[in-house]
There are 2 protein chains.
Amino acid sequence: MSVLAEAGMISFARGIPAPEMFPADELAEAAQRAFARHRATALNYGPPAGFAPLREWIAAEHGAAPGQIVITPGSYILLTFLVRVLLDAPGPVVVEVPSYDGAVSLRGSTARRILPVRRDETGLDFARLEHYLATGERPAFCYLLPTFHNPTGTTLATADRERLVDLAIGHDLLLVEDDPYGRLRFAGAEPPSLRSLLVARGAGELSVFMSSFSKVVAPGLRVGYGVLPERLAQRVAAVALDTYVSPPLWPQAEIYEFLAGGFLPAHLSRIRELLRLRRDALVTRLAAGLDGAGARWSNPDGGYFVWLELPAQLSAADLLADCERAGVTFVPGPGFFADGGGASSARLCFSFHDVEDIAAGADRLVAAARGRLVGVGAA
Amino acid sequence: MSVLAEAGMISFARGIPAPEMFPADELAEAAQRAFARHRATALNYGPPAGFAPLREWIAAEHGAAPGQIVITPGSYILLTFLVRVLLDAPGPVVVEVPSYDGAVSLRGSTARRILPVRRDETGLDFARLEHYLATGERPAFCYLLPTFHNPTGTTLATADRERLVDLAIGHDLLLVEDDPYGRLRFAGAEPPSLRSLLVARGAGELSVFMSSFSKVVAPGLRVGYGVLPERLAQRVAAVALDTYVSPPLWPQAEIYEFLAGGFLPAHLSRIRELLRLRRDALVTRLAAGLDGAGARWSNPDGGYFVWLELPAQLSAADLLADCERAGVTFVPGPGFFADGGGASSARLCFSFHDVEDIAAGADRLVAAARGRLVGVGAA
């Protein structure tokens with residue numbers, strides 16, 4: 001039982017890994033190799049785009065050139081760099097609704113106009129996106145989380161990805177594809193990335209692919225990265241230089257030796273299974289407690305998140321107040337909506353607690369929700 | 001002989017440590033302790049102000065509260081955070097001339113008015129600073145490098161520090177004291193920090209102290225820090241949160257175990273001696289080659305830099321062109337001057353090359369300078 005749970009509170013709020021998911025022994029071994037092999041370079045100042053061997057490893061994985069890779073301390077700061085660079089281009093920004101709250105608040109801090117496009121378990125609202133493009137909008141870029149989407153946990157089908165790529169090519173639209181969770185698949189088949197589809201069509205210049213080792217290895221190392229058109233990579237690296245002179249090369253060297261040492265596949269198998277059991281615990285309890293109560297929830301094939309949609313008359317903020325008294329928390333929907341909305345939705349993160357805590361937390365949540373449903377006469 | 005030197009070029013340009021200065025074996029040991037002790041916390045997301053045990057260590061060293069400490073990936077980004085936070089206050093910014101080029105260009109990127117104050121081997125131009133304050137200027141803050149100043153290598157005398165503190169208290173002036181090199185003293189007695197003098201006068205609220213483990217341990221870990229008034233520390237931490245969500249906690253844990261393991265004192269003794277020998281090599285050759293030629297140079301008691309002032313009719317940019325052809329580089333003065341000037345000055349960094357390379361580089365520099373001096377009829 002975790003510290004939080006011992007203190008009585010079970011959190012479905014923060015999207016962070018559980019300590020038992022860290023491959024600490026393998027990282028310790030990788031660190032020793034890094035000290036033996038990279039002490040002269042990775043302990044010093046170095047290139048703003050990151051540690052060269054890791055850039056090469058990532059490039060090879062993505063069939064890209066090392067010059068297309070920029071490694072940053074986490075992928076969030078990379079997103080802020082991208083926004084700074086891409087703000088040079090005119091036009092609004094297409095954003096899924098809902099979307100990652102960090103991206104929503106970031107775009108709120110710019111003066112850029114947002115074109116919201118609904119995203120739910122059925123996919124993307126193409127009619128809306130096509131309407132924008134047909135009426136002459138020229139977006140600077142489109143920000144998407146195609147796989148194990150934050151906050152809904154849903155994944156865009158291959159047909160939707162192909163349709164997006166068609167639109168991107170037809171309208172010269174840059175697709176910024178944020179994929180921190182893609183490697184955490186525990187069920188189902190993996191659809192092609194937007195990047196791979198664009199590259200196959202000779203339109204790699206329209207692709208920015210972002211990911212991170214935060215959810216895959218450990219966030220405390222802060223190793224995120226982007227695969228970008230080379231000219232854009234150079235501009236992002238220039239912003240990185242202005243921001244921190246030199247990135248934390250040392251944790252990049254540690255991650256590199258973890259990858260080069262072949263530790264990743266077995267580690268991924270282990271954490272995928274941990275995540276699958278946690279999703280099962282959550283979804284099973286939601287089904288046991290809320291079936292027939294007018295609520296819906298996603299059942300993701302990977303990642304960290306279940307999206308809970310309550311009956312429309314039920315406020316997630318009100319439910320959260322009840323839940324906090326009952327010892328469970330989550331993030332209510334509105335923070336993920338660039339255009340308002342989400343009042344009856346909740347993001348439930350199942351990564352942090354073990355299955356016993358998740359079951360207990362879900363039971364508390366279900367009891368609070370049923371109490372509210374009785375109150376509004378819906379159950 | 002280093003890679004650069006083998007390639008024929010000896011660099012007095014970049015202020016970076018030499019690989020042989022990194023305590024790599026001790027860091028490897030510290031890393032293993034960190035994996036044993038901090039895997040559950042420092043591998044995860046965590047507080048934007050940094051790894052708690054390291055905050056406590058730094059606080060204890062400075063007689064401060066842990067809440068006053070913010071740890072950042074290098075101290076440069078901390079300076080940018082400070083500028084963002086302190087821009088809320090009205091007024092211009094007092095800057096030494098010359099000063100750290102990163103700070104000079106940073107302030108150039110803000111709309112803030114600069115009040116330049118000359119800094120040389122005799123100290124600070126107090127008459128100018130007092131004139132600003134007497135004529136009603138209310139600076140937002142004063143940015144200073146009191147010890148082993150970048151670029152001049154000079155150190156403010158205790159009397160000057162006391163005079164600065166008097167002015168700060170008399171005029172409610174915030175002193176931002178940047179001290180990345182203070183621990184690298186290889187000669188002379190250590191004067192009190194501005195922070196310690198302000199605290200002794202009950203005016204700790206007027207002190208921001210910045211430093212870093214980049215020059216003391218290794219820059220690739222990116223561990224810089226500030227000791228700030230608690231309210232300011234909270235505002236800086238909020239900017240850090242907005243910038244990268246969570247800092248690279250892992251290298252902070254590695255640095256913490258290096259410090260807690262008691263590795264620092266012996267390591268400092270070793271690198272101070274390396275630096276002393278390098279300074280000696282540089283200054284000895286300058287004296288042998290340029291005595292009587294109308295040039296002056298600083299003879300620092302620590303840090304990385306010798307400041308060379310050429311006869312006024314000699315352009316450092318012209319000299320650099322000759323030097324590059326002869327296989328030696330340096331940074332000409334103008335980049336360090338917020339108000340223009342520095343045309344006949346040069347920063348010579350003696351940290352990177354070994355004594356043989358430094359001697360060879362200095363000989364090349366001397367030969368080029370004497371060639372120029374003959375050209376302008378000065379030697």
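Predicted model: local features only at pLDDT ≥ 70, side-chain atom pairs only at ≥ 80, totals over all residues.
1. **Symmetry.** Chain B superposes on chain A with a rotation of 180 degrees and 0.0 Å of shift along the axis, at an RMSD of 0.0 Å. The two copies are thus related as by a two-fold rotation axis. The interface fits that picture: 100% of the interface residues of chain B are also interface residues in chain A, so the copies meet through the same surface.

2. **Size of the interface.** On the contact count, 41 residues of chain B touch 41 residues of chain A. Together the two chains bury about 3,300 Å², and 62% of that is on carbon and sulfur atoms.

3. **Polar side of the interface.** There are 19 residue pairs in polar contact across the interface of chain B and chain A, counting pairs with both residues at pLDDT 80 or more. As for what builds the chain B side, the elements giving two or more residues to it are helices H2 (24-37), H3 (39-42), H5 (75-86), H10 (230-244) and H11 (249-260) of chain B. H2(B) gives the most, with seven residues. Sorted by class, the side of chain B that touches chain A has 27 nonpolar residues, seven polar and seven charged.

4. **Salt bridges between the chains.** Two salt bridges are counted between chain B and chain A. A pair to look up here is A:Arg39 with B:Asp25, whose closest N and O atoms are 2.7 Å apart.

5. **A helix-to-helix pair in chain A.** Over all chains, the whole structure has 38 salt bridges. Among them is A:Asp363 with A:Arg285, where the closest N and O atoms come to 2.5 Å. A:Asp363 belongs to helix H13 (residues 355-375) of chain A and A:Arg285 to helix H11 (residues 264-290) of chain A, so this pair ties together parts that are 78 residues apart in sequence. How open are the two partners? A:Asp363 counts as partly exposed, at 36% relative accessibility, and A:Arg285 also counts as partly exposed, at 33%.

6. **A loop-to-loop pair in chain B.** B:Glu137 forms a salt bridge with B:Arg113, with 3.0 Å between the closest N and O atoms. B:Glu137 sits in the loop between helix H7 (126-134) and strand S6 (141-144) of chain B, while B:Arg113 sits in the loop between helix H6 (101-108) and strand S4 (114-120) of chain B, so the pair ties together parts that are 24 residues apart in sequence. B:Arg113 is partly exposed, at 46% relative accessibility.

7. **A pair within one helix.** B:Asp322 and B:Arg325 form a salt bridge, their closest N and O atoms being 2.7 Å apart. Both lie in helix H13 (residues 316-326) of chain B, three residues apart, about one turn of the helix. B:Arg325, at 65% relative accessibility, counts as exposed.

Terms used
Residues numbered from 1 in each chain as written. Chains lettered and ligands numbered in written order. Heavy atoms only, no water. Contact = heavy atoms within 4.5 Å. Buried area = accessible area lost by both parts, 1.4 Å probe. Salt bridge = Lys/Arg side-chain N within 4 Å of Asp/Glu carboxyl O. Polar contact = N/O pair within 3.5 Å; in protein donor to acceptor, adjacent residues only side chain to side chain. Helix = DSSP H or I, 4+ residues; strand = E, 2+ residues; numbered from the N terminus. Nonpolar A, V, L, I, M, F, W, Y, C, P; charged D, E, K, R; others polar. Buried < 20%, exposed > 50% of the residue type's maximum accessible area, 1.4 Å probe, protein only. Least-squares fit on C-alpha atoms with pLDDT ≥ 70 in both.
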